[in-house]
Amino acid sequence: METPNPNVKMWQGNVACAEAALAAGCRFFAGYPITPSTEIAEVLSRRLPMVGGNFIQMEDEIAAMGATIGASLGGAKAMTATSGPGFSLKQENIGFAVMAEVPCVIVNVQRGGPSTGLPTHAAQGEVMQSRWGTHGDHPIIVLSPCSVRETYDMTVRAFNLAEKYRTPVILLSDELVGHLTEKVEVPPIEQLGIVNRKKPLVSPDKYLPYELNESDIPAMANFGDGYRYHVTGLAHDETGFPTNNPEKIQVQLERLNRKIDRYRDDIVEIETHYTEDADILVISFGSTARSARRAVINAREKGIKAGLLRLKTIWPFPDREIEEISAPVRKIIVAEMNLGQIAHEVEWATRRSKPVVRVNKINGEPITPNEIFNAIIAQD
Amino acid sequence: MDYLQYLRLDKMPHIWCDGCGHGIILKSILRSIDKLGWDKNDIAMVSGIGCSSRTPGYVDFNTLHTTHGRALAFATGLKIANPRLHVIVVSGDGDATAIGGNHFIHAARRNIDVTMIIYNNYIYGMTGGQVSPTTPSRKKASTAPYGNPDEPFDISRLAQAAGAAYVARSTVYHVGRTDKYIEQALTKTGFSVVEVLTPCPTSYGRRNKEGTAVDMMMAQKANSVGLERAKNMSEEELEGKIITGVFVDKDQKSYLTRYNEVVEQARNAK
Ligand SMILES: Cc1ncc(C[n+]2csc(CCOP(=O)(O)OP(=O)(O)O)c2C)c(N)n1
Ligand code: SF4
Ligand SMILES: [Mg+2]
């Protein structure tokens with residue numbers, strides 16, 4: 001008999017998220033219980049103290065977001081996890097993390113909305129909220145996993161991108177992926193390519209926490225490192241202090257947005273199946289992409305040239321990839337558990353050059369392969 | 001002592017109005033820190049939003065100006081991530097007890113190792129004088145033009161009831177006492193709160209005909225009653241009085257002490 005491989009686990013998506021965070025170096029988690037994300041907090045409340053890390057259940061999601069940012073400024077890799085209503089509460093402080101350029105990871109295991117909605121059922125209604133939920137023009141990185149293994153990999157990636165680009169990163173999961181149990185072969189830690197924030201190399205008197213440099217990504221000192229600087233959500237200049245000077249504000253906010261835009265090729269990831277000769281392209285993400293994949297395979301078995309484009313990165317939006325891959329196709333189908341939040345972006349990306357058929361569901365039930373298959377074979 | 005070593009002089013002039021009491025509290029904080037001889041690199045000052053919450057911008061520490069009401073949440077994460085830091089939160093009455101009220105009582109319950117200095121001017125100064133949770137009944141505010149119909153919070157009693165390890169109240173008139181309380185609070189293990197009453201002549205005094213900033217400070221002097229004396233006074237006698245003194249000074253395990261015990265337990269269970 002073969003000896004069982006200790007690196008192979010039967011994990012739920014949420015458990016994989018928690019374990020991946022630990023592997024990525026997360027040593028601080030602040031949360032507030034909410035279905036269907038609670039398992040992440042439960043696992044970390046047990047596991048973090050084992051590695052000398054800190055878990056804290058805060059009084060609400062606003063506090064959890066604030067504590068996460070505070071911990072990151074203190075030098076810890078930090079994460080919080082929530083679902084719909086809690087994600088709404090976090091928005092103001094997410095904007096603070098964007099503006100103050102504090103790396104951190106926010107997990108949103110989507111459930112049915114609006115409002116309290118459907119706590120125990122999946123939805124994908126926060127595509128736009130994850131992009132624009134906090135006020136003001138700002139950049140953001142959002143990743144969306146479709147399996148347990150991918151939840152693991154993307155959680156690690158979320159930390160790496162956060163540290164690399166000094167920004168909050170949102171992991172947009174959903175109830176189906178979060179509660180799905182699958183076999184996972186846990187990759188060895190050396191393969192994770194752990195990234196740590198760039199520390200200043202200059203002496204404290206020369207340190208500019210929001211420096212305009214060639215990379216657009218300023219080095220980050222942790223509080224207590226000997227660099228006494230100021231962090232504020234007010235518009236600030238290179239020194240971090242508030243300013244009303246329009247030129248200084250303009251260059252800082254342009255840099256803030258450019259910091260993500262110019263690295264979009266490094267950030268954007270997609271996956272394709274059978275797209276080379278496809279004349280019908282299905283676009284999907286998260287748990288719905290699993291049904292989409294099955295529908296495409298079924299179509300191929302019937303001799304229909306369908307292909308799948310799965311968005312792994314949601315924001316920045318993979319518009320160029322979509323435009324290129326969809327160029328030869330006759331029709332695009334976007335399957336998502338909302339009323340067309342991605343479909344709308346796809347129409348923009350393809351400049352409405354071809355029909356974009358929407359397969360949507362918002363009643364808590366997953367979109368089935370058959371529903372997508374029917375859209376593939378429908379005469380238009 | 002040399003205040004200048006703690007100030008970011010290039011950020012002057014500060015935004016505070018002539019006669020604002022906030023600067024008096026800032027000087028008390030600096031004197032207390034100086035007395036303790038702490039290294040500036042080991043001090044973090046965290047605030048929310050308000051005139052009072054602008055304090056961190058003027059001091060040469062690690063400074064964090066967060067969102068309205070949320071300073072304690074950020075400070076909690078910061079202190080836990082780097083326990084070596086002395087974390088001081090400065091907050092206004094609105095910041096601490098309206099929008100931030102929930103964080104305030106939970107910080108006290110947890111006994112998180114943070115010191116909070118609350119600048120209580122009975123009003124939302126920064127936004128132009130709206131009613132706050134500490135505006136006394138019947139006093140006027142821009143959003144209480146007929147007089148405040150509500151009863152105010154007693155911040156120190158609130159902190160006491162919620163479980164803070166150290167709670168004291170003073171006024172900007174009583175500088176010596178304020179210095180002493182802040183120093184005691186800074187050296188306390190666990191959550192310590194110093195509430196300092198401070199005049200806002202611009203947004204509160206003028207509307208309530210309380211005179212100049214000096215008049216408002218003289219009223220603090222006239223109306224203050226020490227905690228011990230207050231114990232023998234009736235409710236009617238205490239009407240309109242400011243009770244000053246140390247409300248709580250107790251030794252109990254702080255958040256970090258308890259959490260370290262959790263870490264020990266988890267490591268042994270492994
Ligand atoms: C979420 C949010 N709501 C409202 C405001 C507007 N605001 C700024 S300061 C303030 C009140 C400040 O009052 P207080 O905390 O007592 O400080 P003071 O200015 O009196 O020192 C308000 C309501 C804000 N900045 N953010
Ligand atoms: S408005 Fe009031 S609290 Fe604000 S600076 Fe002026 S006097 Fe001080
Ligand atoms: Mg006030």
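Around ligand 1 there are 17 residues, and the closest are B:Gly50, B:Gly92, B:Gly94, B:Asp95 and B:Gly125. Please keep in mind throughout that this is a predicted model. Two elements of chain B, helix H3 (93-99) and strand S5 (123-124), each give two or more residues to the shell around ligand 1, and H3(B) gives the most, with three residues. If we sort that shell by class, we find six nonpolar, nine polar and two charged residues.

Turning to ligand 2, the residues around it are B:Trp16, B:Cys17, B:Cys20, B:His22, B:Cys51, B:Asn121, B:Gly125, B:Met126, B:Cys200, B:Pro201, B:Thr202 and B:Ser203. Which helix supplies the largest share of the shell around ligand 2? That is helix H7 of chain B, residues 201-205, which contributes three residues. The shell around ligand 2 divides into seven nonpolar and five polar residues, with no charged residue.

Now let me move to the sheet, where nine strands form an open arrangement with mixed pairing, in the order S10(A)-S2(B)-S1(B)-S3(B)-S4(B)-S8(B)-S7(B)-S10(B)-S9(B). Its edge strands, each of which pairs on one side only, are S10 of chain A and strand S9 (224-226) of chain B, and the twist averages 20 degrees from one strand to the next. Where the two chains meet in this sheet, S10(A) pairs with strand S2 of chain B, residues 62-65, in the parallel sense over three bridges. Within that pairing, the bridge partner of A:Val231 is B:Leu64, while A:Thr232 stands opposite B:His65.

Helix H6, residues 175-186, lies across strands S3, S4, S7, S8 and S10 of chain B, and runs at about 160 degrees to S7(B). Helix H8, residues 213-223, lies across S7, S8, S9 and S10 of chain B, running at about 35 degrees to S9(B).

Coming to the contact between the chains as a whole, 37 residues of chain A and 36 residues of chain B take part. On the side of chain A that touches chain B, the elements that each supply at least two residues are strands S2 (26-31), S3 (54-57) and S10 (230-232), together with helices H2 (38-50), H3 (61-73) and H4 (84-100). Of these, H3(A) gives the most, with nine residues, and by class this side of chain A has 20 nonpolar, 13 polar and four charged residues.

Finally, chain A itself is assigned domain 1 (8-191) and domain 2 (268-379), whose C-alpha centres lie 26 Å apart. Their contact takes 21 residues from domain 1 and 20 residues from domain 2.

Inside chain A, the axes of helix H1 (13-24) and helix H6 (148-165) come within 8 Å and cross at roughly 35 degrees, in a right-handed crossing. Among the residues making this contact are A:Gly13, A:Ala16, A:Cys17 and A:Glu19 of H1(A), and A:Val148, A:Thr151, A:Tyr152 and A:Phe159 of H6(A). By class, the contact of H1(A) with H6(A) divides into ten nonpolar, three polar and one charged residue.

Note on methods: Residues numbered from 1 in each chain as written. Chains lettered and ligands numbered in written order. Predicted model: local features only at pLDDT ≥ 70, side-chain atom pairs only at ≥ 80, totals over all residues. Near = placed C-beta within 6 Å. Helix = DSSP H or I, 4+ residues; strand = E, 2+ residues; numbered from the N terminus. Nonpolar A, V, L, I, M, F, W, Y, C, P; charged D, E, K, R; others polar. Contact = placed C-beta atoms within 7 Å. Pairing = 2+ DSSP bridges. Domains from an automatic or database assignment. Axes fitted to C-alpha atoms, helices over the stretch in contact; angles between N-to-C directions. Left-handed = near helix turned anticlockwise from the far one by under 90°.
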